[in-house]
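The tour below goes from one selection to the next and says what to look for at each stop.

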Amino acid sequence: MTNYSRGDVILTLFPNADLVTAKKRPAVIVQATGLNTGLPQIVICAITTNFARRGQPFRLFVAKDSPEGQASGIISDSVIMTDCLATVRLEFTYRKIGVMTAAVMEKRDGSPYCESLRLKIIINFPELIL
């Protein structure tokens, strides 16, 4: 089993909303590191280069030439869509391409949605609040 951590940027098959089709794209792992569910799956959020998706307080822009963009391994300016979550099986992940810096993972700008990337998977596990 691949060892991923929260904040890793991976290349994966991300399911579309119809749950029938999927697209190969980068994604950020938002599942808490060390959460041992016993299932070969992880919780991720989508990364897109479609700038029409920009402009929401819960979507974060990352420039590819910024320190954060370079660390993440993205190849184009991108938008992290923290409102677009999916659970994917590890067999549908290809590889780790980078890591989101702490500056991005902990970003806050005063909006009520900025804590989206600080998401911890605590459903049914409230003791895991880190």
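What follows is a walk from the whole chain to the sheet, and then to a few single residues.

**Before you start**

This is a predicted model, in which local features need pLDDT of at least 70, side-chain atom pairs count only at pLDDT 80 or more, and totals for chains, interfaces and linings use all residues. Residues are numbered from 1 along each chain as its sequence is written, and side-chain values use heavy atoms, with hydrogens and water left out.

**Stop 1: the whole protein**

If you follow the chain from the N terminus, the elements come in the order β-β-β-β-α-β-β-α.

Now switch to a surface view, which exposes about 7500 Å², with carbon and sulfur atoms supplying 53% of it; such areas come from the Shrake-Rupley method with a 1.4 Å probe, and for residues only the protein chains shown count as cover. Of the 130 residues in the protein, 38% are buried, where buried means under 20% relative accessible area, exposed means over 50%, and partly exposed is in between (1.4 Å probe, protein chains only). Among contacts (heavy atoms within 4.5 Å) between residues at least 6 apart in sequence, 63% join residues at least 24 apart.

**Stop 2: the sheet**

In which order do the 6 strands lie in the sheet? They form an open sheet in the order β4-β5-β3-β2-β1-β6, with antiparallel pairing; two strands pair if DSSP finds at least two bridges between them. The edge strands are β4 and β6 (93-99), each of which pairs on one side only. On average, neighbouring strands of this sheet are turned by 50° against each other, direction ignored, where axes are lines fitted to C-alpha atoms (for helices over the stretch in contact) and angles run from 0 to 180 degrees between N-to-C directions.

Select residues 8-15 and 22-29, which are strands β1 and β2, joined by 7 bridges in the antiparallel sense. In this pair, isoleucine 10 has alanine 27 in β2 as its bridge partner. The two strands form a hairpin with 6 residues between them, and leucine 19 in the turn has a positive phi of about 60°.

On to β3 (residues 41-48) and β5 (residues 78-89), which pair in the antiparallel sense over 8 bridges, with valine 43 bridged to threonine 87 in β5. Finally, β4 and β5 run antiparallel and are joined by 4 bridges; leucine 60 stands opposite isoleucine 80 in β5, and phenylalanine 61 stands opposite valine 79 in β5.

**Stop 3: arginine 59**

Select arginine 59, which is in strand β4 (residues 59-62), and show its side chain. The side chain makes a polar contact with the side chain of aspartate 83 at 2.8 Å; a polar contact is a pair of N or O atoms within 3.5 Å, and within protein one must be able to donate a hydrogen and the other to accept it, while residues adjacent in sequence count only if both atoms are side-chain atoms. A polar atom of the side chain of arginine 59 also lies 3.0 Å from the backbone oxygen of arginine 53.

**Stop 4: two cysteines**

Select cysteine 45 and cysteine 84. A disulfide is a pair of cysteine sulfur atoms within 2.5 Å, and by this rule the count comes to 0 disulfides. Cysteine 45 is in no disulfide, as the nearest cysteine sulfur, that of cysteine 84, is 8.1 Å away. Cysteine 45 is buried, with a relative accessible area of 0%, whereas cysteine 84 counts as partly exposed at 25% relative accessibility.

**Stop 5: serine 72**

Leaving aside neighbours within four places in sequence, serine 72 is in contact with Val9, Ile97, Gly98, Val99 and Met100.
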